[in-house]
Amino acid sequence: MDGSWTSGLSHLECARCQTRYDAGEAHNLCPCGGPLLVRYDLDLVRATVSTEDIAARTPDLWRYRELLPVLDPGNVVTLGEGMTPILPLPVHGRAIGVPGLLVKDEGLLPTGSFKARGAAVGISRARELGIDRITMPTNGNAGAAWATYAARAGLGSLVVMPAEAPAITRLESAMAGSRLYIVDGLIGDAGALAAQAVADGWFSTATLREPYRIEGKKTMGLEIVEQLGWRMPDVIVYPTGGGVGLIGIRKALDELRTLGWLTGEPPRLVAVQSTGCAPIVRAFEAGARTAEPWADATTVAFGINVASAIGDFLILDAVRDTGGTAVAVPDEDILAAQAACAAAEGLLMCPEGAATLAAVEHLRGTGWLSGDEEVLVLNTGTALKYPHAATVPDPPVLPRNASLPS
Ligand SMILES: *Cc1c(COP(=O)(O)O)cnc(C)c1O
Ligand SMILES: [Zn+2]
């Protein structure tokens, strides 16, 4: 790691009842059921580092070390994650009436999804706290990322994923030496199996059940602000499963505003789901602060096939507090947006990322977007993990020595 190292880590705080916990010990949920959030001494951070100092550092997510929970750089487990590009999408943007469309392309991260951010910080912190084996239920990408970083850190991992998770994520987990189990069911069923491993002494790193994954995903928000020149876009559109990324981006913006590194109105945050699994959208529309589990969840955007999220209230608060919205799009629209963007821009997004494009088109259609905004969507992973989702017809197969059809 380049340069000096100070973390502003102060303590943990329950997001539901605000009870404080010592960050020097390993914790899962608060007894009240609330997830724990990491709190920092932001006065210390402000006194330690400036935005110019950060700009001079290596372009990975550890450049934000003062706002990350790892105390000793010797515990950092890295595969070079972070600082993914923000790209304009002018042609597709104009086609859907939002010329100021931008994408942050998380498909370039190690293990091919933004889950690498949460895994890098979560595994580094697990190592720092002396945890030697971790377990989680996953829709695929999180398991692949945590198994990979666990291998790099020398930690054991036990991963449980639904049979329908993208096949490559099985291989990634298994090749990283994880104890991998496949369940004939959904991620909730995988969770029940992982809970048995927890009873056997494996540390639970399930979504929001340990506090440090959010801190890794938060760096998406930090990067967006730094990459745009310490300012925010008007709207950020996020494909929402457990919602950790959205909660993290919101947390990043709040911390930067408290630091005084960012001024002005926060971006409107938009949570996107598939009409095949839209518990957050349904709760948003009903004016509820928590979401009922979605029955028979199914969508081609497998990473957001989450029927029940323990951070539901944090997602809904983030959307409402910023004047954002929650929108569900059908799988046909997701696949159509994926194909249209690939042909117009040369950027093939994963189905979850393409869901944000379909949502932008929908929100322009309803007038929620006027078309003048700078709208940033997250492509949360590489499309290369989803060959089964492609919608193009098989190409013609020609006999040898054939003439090309004209
Ligand atoms: C996990 C995942 C999501 C959803 O992330 P959350 O932060 O849990 O809402 C979106 N896209 C992809 C590709 C994923 O793997
Ligand atoms: Zn609590």
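Biologist: Which strands and helices each supply at least two residues of the lining of the largest pocket?

Modeller: They are strand 6 (133-137), helix 5 (141-153), helix 7 (187-199), helix 8 (212-227) and strand 10. Helices (H or I, at least four residues) and strands (E, at least two) are DSSP runs, numbered from the N terminus. Helix 7 gives the largest share of this lining, 6 residues. Before we go on, this is a predicted model: local features need pLDDT of at least 70, side-chain atom pairs count only at pLDDT 80 or more, and totals for chains, interfaces and linings use all residues. Residues are numbered from 1 along each chain as its sequence is written, chains are lettered from A and ligands numbered from 1 in the order in which they are written, and side-chain values use heavy atoms, with hydrogens and water left out.

Biologist: What makes a space a pocket, and what makes it a cavity?

Modeller: On a 1 Å grid over the protein atoms alone, a pocket is an open set of points with protein on both sides within 12 Å along at least five of seven lines, while in a cavity a 1.4 Å probe fits but cannot get out. Lining residues have an atom within 4 Å of a point. In the largest pocket there are 47 of them, and Pro137, Ile187, Thr207, Val306 and Ser308 lie nearest its centre. Its volume is about 890 Å³, where a volume is the space filled by probe spheres set on grid points joined across faces, edges and corners.

Biologist: How do you know which pocket ligand 1 takes?

Modeller: A molecule sits in a pocket if more than half of its atoms lie within 2 Å of the grid points. By that rule, the space taken by ligand 1 is the largest pocket.

Biologist: Which residues are closest to ligand 1?

Modeller: Lys115, Tyr238, Gly241, Gly243 and Thr380 are the closest of the 17 that surround ligand 1. A residue is near when one of its heavy atoms lies within 4 Å. Strand 10 (235-239) and helix 9 (244-259) each give this shell at least two residues.

Biologist: What lines the second largest pocket?

Modeller: Its 18 lining residues include Leu37, Arg39, Arg250, Lys251 and Asp254, which lie nearest its centre. Helix 9 provides the largest share, 5 residues. By class, this lining has 9 nonpolar, 1 polar and 8 charged residues; Asp, Glu, Lys and Arg count as charged, Ala, Val, Leu, Ile, Met, Phe, Trp, Tyr, Cys and Pro as nonpolar, and the others, Gly among them, as polar.

Biologist: How many cavities of 30 Å³ or more does the structure hold?

Modeller: It holds 1. The largest cavity has about 50 Å³ of space, and among its lining residues are His27, Arg125 and Phe203. Helix 4 (residues 115-128) brings the largest share of that lining, 3 residues.
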